Amino acid sequence: MLTKEQIQIRDPFVLTVKDRKKYFLYGTTDKNVWEGKATGFDVYMSDDLDRWEGPYPAFRPEEGFWADRHYWAPEVYIYEGKFYMFASFKADGTCRGTQILVSDNPVGPFRPHSDGPVTPGDWECLDGTLYVDGAGKPWMIFCHEWLQVQDGEMCALPLSGDLKSADGEPVLLFHASDAPWAVGSGAASNGKKNFVTDGPYLHRAANGDLLMLWSSHGANGYAIGIARSDTGDIRGPWVQDREPLFGQDGGHGMLFTTFEGELMLAIHRPNKTPNERPLFLPICEENGRLSIKRQFRNPIVEQRADPWIYKHTDGYYYFTASVPAYDCIELRRARTIQELGNAEPAVIWRKHAKGRMSAHIWAPEIHYFDGKWYIHFAAGGSDENEKEVWQHRMYVLENDAANPLEPTWVEKGQLRTNWESFSLDATTFEHRGVRYLVWAQEGPDKQGNSNLYIAEMSDPWTIRGKQVLLSKPEFAWETVGFRVNEGPAVLKKNGKIFISYSASATDSNYCMGLLTALDTSDLLDPHSWTKSPEPVFRSSEETGQYGPGHNSFTVSEDGSADILVYHSRSYKQIVGDPLYDPNRHTRVQVLNWNEDGTPNFAIPK
């Protein structure tokens, strides 16, 4: 069995076969996807969209098959009791085109059904998809490539009832540049840019609207947009949505319905070989409008406090947190936030047997900058007194591997501040070419307060210059049980820099405050920062979540929504020291924004 993360695939297409209670996953699976002789198409089977059997050879060309390269984007439909595959093929000296294959079984083998490509023989075409109109007439929607027409075209071709051939001339539906979100590239000799059309898929909404999902290049890489027919007819006219449905380097999407009745979007992401993987996203449809659902099944990860989720450029989310035993640092990754709970954790570092870094391993954070991975964390232990486990200091690990789950982490030592005292919860961020560290530390007066400080960094384990006091516990809600400001997390948006932090004891009184500065201000000037007089996130009797805090921020899969990550408990009364109660669970929810550009944390859900 394979997980989605183990399947390299482009242009994923999911066929739901109800009588078998199986999902079948097709796509561009050749290792020689761009160059060299092609092999064929594979298929995977699953009953839960998480674990997949296969691959099984769905199509392998017989001797004499006309195409030998660029086997792309197979889509399989049930039509007239059989399984029909629409796929693109190419041969040297012959235009790329979409041919139709057929099988009695969704696993194959698929055999040629049409006599070569159904698309026009002198056109460079790809990504044919099936659409059957209200009168039962089959159509192939396909892309006339930018390689030939520069501004890629989306076309519709009527098909014969047996799907063996065209039944008329192609109809131009729209150009790629018609979409406001599409970005051209590579100006040609005529001075105009090239615009790509890819991956059409037709969807009839519940309200009767006819929608087309299709892909091109957007502002942040490969993207999926939506076009809608003004008349509800395949011939249009077609109007483009202003913003893409998914705009963060993922695309060639299609829609399918799960056995539980949930509408899902299947795409590949990222759009770079060999890293592309299938990604399934729940879709909300309302009045003919599609959007990606932002609801999560909480908790995401059980018994993990001080959660940190980082989304990397490789398309993975990386997760680390304090484990209940406080004895190690573990790391896990997944393509979606929700999947982090099922991801296998890898222990990448364990506490020392004695001395420094031998007790209470807390609040690791993973960052990537300057071409390497870094984990900042706090640890107790003392070289002078083996029984002293509360001498917390901040430490740094480094890893130069592409995949940080590889056990090649190197200790870079203590992250020293301007004085020696209890310190923890280091976080780092870059602004205007300067890297900063924000952390919690007992003040030089040694009065037991945990304050927040900021300083510039000269390297990932060294601060430079003086550390500046940002906040100290002063309000009543910051001083219940202990006088605490800790767990800072930084978010930059709307011309401001926000630092959330946690306050008070780690029971139900634990809550979050907020510091705000203009992004044009001197961040090392305490007067640049404004502190919220009330907590911005606290326990909720309504939802039954208590002690929410020690948060981080990440973004949704398509990058369009900010996500709040935090821990909380589902009960208020704790037996014994709350520090050793293991049931602080990692939860996430969408972070909304007020009209004045400040974050609206709402209540823990």
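Predicted model: local features only at pLDDT ≥ 70, side-chain atom pairs only at ≥ 80, totals over all residues.
## The chain as a whole

The protein chain has 41 strands and one helix. Its radius of gyration is 28 Å, close to the 25 Å that the globule rule gives for 605 residues, so the chain is as compact as a globular protein of that length. Along the principal axes, the C-alpha atoms fill a box of roughly 85 × 50 × 45 Å.

How much of the chain is tucked away? Buried residues make up 59% of the 605 residues. The accessible surface comes to about 24,800 Å², and carbon and sulfur atoms own 47% of that. As for who touches whom, take the contacts between residues at least 6 apart in sequence: 50% of these join residues at least 24 apart.

## A five-stranded sheet

Now zoom in on the start of the chain. Here five strands form an open sheet, and if you walk across it you meet them in the order β1-β5-β4-β3-β2, with antiparallel pairing. The edges belong to β1 (2-3) and β2 (10-17), each of which pairs on one side only.

For a closer look, pick the pair made by β3 (residues 22-28) and β4 (residues 41-46). These two run antiparallel to each other and are joined over four bridges. Which residue in β4 is the bridge partner of Tyr23? That would be Ser46.

The structure holds 28 salt bridges. One of them joins Asp241 and Arg228, whose closest N and O atoms are 2.9 Å apart. This pair links distant parts of the chain: Asp241 sits in the loop between β17 (238-240) and β18 (251-257), Arg228 sits in strand β16 (residues 221-229), and 13 residues separate them.

Are these two buried or exposed? Asp241 has a relative accessible area of 14%, so it counts as buried. Arg228 comes in at 10%, so it is buried as well. The cut-off behind both labels is a relative accessible area under 20%.

## Two loop-to-loop pairs

Next up is a salt bridge where the side chains of Asp383 and Arg356 meet, at 3.3 Å from N to O. Both ends are in loops: Asp383 lies between β27 (372-380) and β28 (393-399), while Arg356 lies between β25 (346-350) and β26 (359-369), 27 residues apart. Asp383 is exposed, with a relative accessible area of 51%, whereas Arg356 is partly exposed at 25%.

Lys572 and Glu541 make another such link, with their side chains meeting at 3.1 Å from N to O. Lys572 is in the loop between β39 (562-569) and β40 (585-593), and Glu541 is in the loop between β37 (530-531) and β38 (546-555); the two are 31 residues apart. On the accessibility side, Lys572 is partly exposed at 40%, and Glu541 is exposed at 54%.

Which residues does the network link? They are Lys4, Asp50 and Glu339.

Definitions and conventions. Residues numbered from 1 in each chain as written. Heavy atoms only, no water. Pairing = 2+ DSSP bridges. Salt bridge = Lys/Arg side-chain N within 4 Å of Asp/Glu carboxyl O. Buried < 20%, exposed > 50% of the residue type's maximum accessible area, 1.4 Å probe, protein only. Rg over C-alpha atoms; globule rule 2.2 N^0.38 Å. Contact = heavy atoms within 4.5 Å. Areas by Shrake-Rupley, 256 points an atom, 1.4 Å probe, with all protein chains shown as cover.
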